[in-house]
Amino acid sequence: MLLKEKEILEIIRILRKDYPANKTALKHKDVFELLVCVILSAQCTDTRVNMVAPNLFAVYPTPQKMAVAKQEDVEKIIRSTGFYHAKAKSIISASQTLVKNFGGHVPDNMKDLLTLRGVARKTANVVLADYFNKAEGIVVDTHVKRVSFRTGLTKETDPVKIEKDLMEKVPKKDWIWLGNAFVWHGRKVCNARKPKCSVCAVNKICPKNKVTVSA
């Protein structure tokens, strides 16, 4: 059951009390570190990335240094994040593109970010929202997907279609907040295996009992 506009706005109002101003849990000192951390976070917990990333940036702190790194050396450092072959290749390639096409700077727009290897809309949205404070879209990860489906904001399961639904239904001023808030709510309350519906702040509005979703 999809929610009406009034109900969507009420969910936003309620959850803003629990998650007033959330940022990504990925620790970073600059936008390059954030970009790399988001790439590393694919199929990996933020906690693990936060453990691994400092060792990576101690050796390769800039796009220039990462661009000339040997893939096997990067792989050794990031191995525990999983899919380390692909991630190492993406991080090095993205750094090379940053150096070659953007003067070593991470671009602040969706079009250019999507030219970087390993960067899809989710990654770009995190960078734009959390570092540049730009709302060009809404972050849709597994938590946002689950919470959006369960709460009736979408009936889609494809991240691109989910993002389109959310952008149409949620006021643009709430796009950045909603992505991060739904991530935190999905971790703390609306988790995959055993959602804590009895303590959920929006349980009176949420139609979860009428739908199912795979995490």
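Is F132 buried, partly exposed or exposed? F132 counts as partly exposed, at 25% relative accessibility; buried means under 20% relative accessible area, exposed over 50%, and partly exposed in between (1.4 Å probe, protein chains only).

## Basis

This is a predicted model, in which local features need pLDDT of at least 70 and side-chain atom pairs count only at pLDDT 80 or more, while totals for chains, interfaces and linings use all residues. Residues are numbered from 1 along each chain as its sequence is written, and side-chain values use heavy atoms, leaving out hydrogens and water.

## Aromatic rings

Rings of Phe, Tyr and Trp (its six-membered ring) pair if their centres lie within 6.5 Å; planes under 30 degrees apart count as stacked, over 60 as edge-to-face and the rest as tilted. The count comes to two aromatic pairs. One of them joins Y131 and F132, edge-to-face, with 5.2 Å centre to centre and 80° between the planes. Y131 is partly exposed, at 41% relative accessibility.

## Helix α1

Helices are DSSP runs (H or I, at least four residues), numbered from the N terminus. Helix α1 covers residues 5-18 and has 14 residues. From first C-alpha to last it reaches 21 Å, close to the expected 20 Å, where the expected span is 1.5 Å times one less than the number of residues. Its buried residues are I8, I11, I12, I14 and L15. Their cover includes α10 (159-169) and α11 (175-188), with contact meaning heavy atoms within 4.5 Å.

## Cysteines

There are zero disulfides, a disulfide being a pair of cysteine sulfur atoms within 2.5 Å. For C190, the nearest cysteine sulfur is that of C206, 6.4 Å away. C190 is buried, with a relative accessible area of 9%.

Definitions and conventions
Helices (H or I, at least four residues) and strands (E, at least two) are DSSP runs, numbered from the N terminus.
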